[in-house]
Amino acid sequence: MVNYLTTQMHMPLTKAANTVTNFGGTASLSPLLGAFMADAYAGRFWTITIASIIYTVGMISLTVSAVLPQLRPPPCDHNQVCQEADGGQLAILYISLLLGALGSGGIRPCVVAFGADQFDESDPKQNTKTWSYFNWYYFVMGASILVAVTVLVYIQDNIGWGWGLGIPTIAMFLSVITFVIGYPLYRHLDPAGSPFTRLAQVLVAACKKRKVPMVSDPRLLYQNDELDDPISIGGKLLHTNHMKFLDKAAIVVEEDELKSPNLWRISTVHRVEELKSVIRMGPIWAAGILLITAYSQQNTFSLSQAKTMNRHLSKSFEIPAASMSVFTMVPMLLTIVFYDRVFIPLARKVTGLDRGITFLHRMGIGFVISILATFVAGFVELKRKKAAFAYGLLNQPHTMIPISVFWLVPQYSLHGIAEAFMSIGHLEFFYDQAPESMRSTAAALFWTAISAGNYLSTLLVSLVHKFSAGTNGSNWLPDDNLNQGKLENFYWLITLLQVANLIYYLWCAKIYTFKPIQVKGKDGAESEGKGVELAIRV
C-alpha cells in the first residue's frame, strides 16, 4: 500500500507511512463494533456475511480508482516534481479504505471465534483440538498474505494496479458466496445479548451497594443458574477473591427482588466474574501493543530501505520491494509448523501440558525475538548507509545502492518468528480467558491491540520526525532521502521501548490469575478448578 500511495498517488513518504498505519489502526479498531453486533444481536455468521459484502464493495471502489486515470494524479518520472492527488481523488481513496476497514471490523473478530465455535468444548476429543486450530488459522492467514506479497505484488509491478487489485476483489467475491453456501454445515451459537450492557450493570450495581458490608462467605453471594444459562453454555465462572469491591454487586439485600431481579441493582457471581476476567486481561492486552509498533515498520521504513537496495536475482528479474514481506511470512509459517509438530510434542514431555507451554510463555518468547529484530535492523541500516557513502550516493535517493537487499532478511525473518509466537499466543489468551459469551469481543481485543500498535507507530513517527529535525534540514526520518536520515536511531529507540515493555509484561504475567470455571461435560457431570490453558478446561 505504501508503494501505491507513493508511486500512484504521489504522497510524501511520511504521509504515506502514516496513512497506511492509520488505515491499519482503523481496520483493527472497528472489530469492537463488529464483535458487539455479533455477540449481542446478529450472531457470528450473519455478521461475517454482511461485513464481507461491505469489504467487497470497498475493494471494488479501490480497484476502480486504480483503473480510471481521472481518479489518480498523472504519472511522472523521478526527476520531475510529481503532482499529488487532489481532494476528490483522495476522497475516493479514503472512502474505499474506510469501507475496507468497516468490513474488516465484522470479519476479523468473528471468523476466528466462529471457527473455534465448531469445536464442542464439552467433548474432550474436540476440546483438545481447539488450541491447534489457532495455529492453523494463523497459518492459513499467513499463507494468503504470502500469495499477496509475491504473486499479487508481481502483477501490480509488471502488469498494473488494476489487475493487482482486481484479482483479490474477485477472490473475495467468490469467497463470500462459498461461505454463505456452507451455512447448513456450521455449528451456530445464538447471540446472548449485549456483553457491554452486562459489564455496565455489574459496575452500576457495585457502586449502588458500595456502602453495604461485605458478606463473610462468598457462597452467600447471588447465584441464578436459570438466568446465567444462556451466557454459560460451556461452563459457569466461579468466585475469585480479587477485586472484592465488584462482589458487592452480588450481595443480596432486602430491596432485591430475586424472582425477577433488576440487573442494575444485583448481579450473579458469574456476571461479576465476567467483568473481573475482562479487567484482568487488560494489562496483558496492553503489553502486545508495542510489538505491533515494531512490526509495522516493515511495511513502511523497511520497505523504503528495500527500494534503495539491489534487488536483482538475475539480470532480468528483480524482487519487488513490496515482496520483501515474503521473508517475514515464510519464517512465520515454518515456525508455526515447527511449533505445532515438533516443539509441542517435545515440550509436552517436559511440562505435562497438552499444549506444551502456556500462552503466556509463548508470548514472552515472541517479545524477546521482536527485541532482537529491531536491534539487528539498526545495524543493517548503518551498513546500507555506509555503502551509499562509499559509492557517493548519499544525495541520490532514487539511485540503487550496490548492496544486496538480502541484508534485510534477518530483521524480516525475526519479525516473522516473533509473530508466530507472540501474536498467536495473544489470540489464544483472549479466546481462552474471555467470558464465553464475549469471545467475538475477545477476538476484537486482539485486533484493537494491533490498532493501538499502528496508532502508536503513527504517533512515534510524527514525534521523532518533529523533534529530530535540525536547523540544517537534517532529520532522523526524512521525507525524500532516507540516505540522509538516521533510521538506525529510530530502530534502536523502538528496541529500548520494547525492553521496557518486556519487563512490564513479565510482571503482568507473574501476577496474572487464570479464570476459574465449572464445566458440565456431555454426561452432565460437573468439575471445578482453575482453567490454566486452552487445552485443559475444568
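**A nonpolar patch and the chain around it**

Helix α4 is the top contributor to a nonpolar patch, giving three residues. This is a predicted model. The patch sits on the surface and is formed by Trp46, Ile50, Ile54, Leu98, Leu102 and Tyr183. Together they have about 560 Å² of accessible area. Two helices, α4 (44-67) and α5 (87-117), each supply at least two of the patch residues.

Now take Tyr183. This patch member lies in the loop between α8 (161-181) and α9 (195-208). Is Tyr183 buried, partly exposed or exposed? Its relative accessibility is 37%, so Tyr183 counts as partly exposed.

Helix α2 (residues 13-29) holds Thr19. Thr19 is buried, because its relative accessible area is 11% and the cut-off for buried is under 20%. Which residues does Thr19 touch, leaving aside neighbours within four places in sequence? Thr19 is in contact with Leu5, Met11 and Tyr94. Gly193 is another matter: 174 residues separate Thr19 and Gly193 along the chain, and their C-alpha atoms are 36 Å apart.

Step back to the whole chain. Its secondary structure comes to 19 helices and five strands. The radius of gyration is 25 Å, close to the 24 Å that the globule rule gives for 538 residues, so the chain is as compact as a globular protein of that length. Along the principal axes, the C-alpha atoms fill a box of roughly 80 × 45 × 45 Å. Of the 538 residues, 54% count as buried. Consider contacts between residues at least 6 apart in sequence: 80% of them join residues at least 24 apart. The accessible surface comes to about 24,000 Å², and 66% of it belongs to carbon and sulfur atoms.

Key: Residues are numbered from 1 along each chain as its sequence is written. This is a predicted model: local features need pLDDT of at least 70, side-chain atom pairs count only at pLDDT 80 or more; totals for chains, interfaces and linings use all residues. Side-chain values use heavy atoms; hydrogens and water are left out. Helices (H or I, at least four residues) and strands (E, at least two) are DSSP runs, numbered from the N terminus. Buried means under 20% relative accessible area, exposed over 50%, partly exposed in between (1.4 Å probe, protein chains only). Contact means heavy atoms within 4.5 Å. Patches are made of residues with over 30% relative accessible area and no salt bridge: like charges are joined within 9 Å, nonpolar side chains (Val, Leu, Ile, Met, Phe, Trp, Tyr) within 5 Å. Accessible areas come from the Shrake-Rupley method with a 1.4 Å probe; for residues, only the protein chains shown count as cover. A salt bridge is a side-chain nitrogen of Lys or Arg within 4 Å of a carboxyl oxygen of Asp or Glu. The radius of gyration is taken over C-alpha atoms; the globule rule is 2.2 Å times the number of residues to the power 0.38.
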